[in-house]
Amino acid sequence: QVQLVESGGGLVQAGGSLRLSCAASGSIVSINTMGWYRQAPGKQRDLVATVATGGETNYADSVSGRFTISRDNANNAVYLQMDSLKPEDTAVYYCNMKMYRLGLGSNAYWGQGTQVTVSS
């Protein structure tokens with residue numbers, strides 16, 4: 001069994017910052033790509049940022065230059081530093097990890113989601 005536990009969401013004024021964390025636990029052999037996605041009410045879930053095993057990062061155009069993704073391989077964790085937040089960043093943020101588990105192969109796993117609300 002695998003659990004992805006997120007923390008760090010909340011309410012912040014426009015221009016402020018938040019830091020999201022996500023840690024995985026359970027029977028994990030290795031984790032490949034880690035990432036963050038978000039879903040606003042009535043909209044589809046969209047990619048925010050990903051970080052590969054070697055540290056290569058990828059960002060959605062809407063957050064590039066404002067958000068920073070990082071990972072801690074020793075602790076199976078991924079972080080999202082969000083600066084210069086805008087009201088349009090308001091959404092539920094989900095972490096995602098593509099991991100290899102013994103006997104189960106490679107699959108993608110999701111966190112439970114954490115609400116980020118940016119007021120104008």
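**Rings and strands: a quick tour**

Okay, let's start with a charge: the charged end of Arg19 sits over the ring of Tyr79, 4.3 Å from its centre. "Over a ring" here requires NZ of Lys or CZ of Arg within 6 Å of the ring centre and within 35 degrees of the ring normal. Arg45 does likewise with Tyr94, at 3.6 Å from the ring centre.

Quick note: this is a predicted model, where local features need pLDDT of at least 70, side-chain atom pairs count only at pLDDT 80 or more, and totals for chains, interfaces and linings use all residues. Residues are numbered from 1 along each chain as its sequence is written, and side-chain values use heavy atoms, leaving out hydrogens and water.

Now, how many aromatic pairs does a search of the whole structure find? Two. Rings of Phe, Tyr and Trp (its six-membered ring) pair if their centres lie within 6.5 Å; planes under 30 degrees apart are stacked, over 60 edge-to-face, and the rest tilted. Tyr37 and Trp110 have ring centres 5.1 Å apart and planes at 65°, so they're edge-to-face. Tyr37 is in strand β4 (residues 30-39) and Trp110 in strand β10 (residues 105-110), so this pair ties together parts 73 residues apart in sequence. Strands, by the way, are DSSP runs of E, at least two residues, numbered from the N terminus.

Buried or exposed? Tyr37 is buried, at 18% relative accessible area, while Trp110 is partly exposed, at 39%. Buried means under 20%, exposed over 50%, partly exposed in between (1.4 Å probe, protein chains only). Tyr94 and Trp110 have centres 6.4 Å apart and planes at 90°, so that pair is edge-to-face.

How values were computed. Helices (H or I, at least four residues) and strands (E, at least two) are DSSP runs, numbered from the N terminus.
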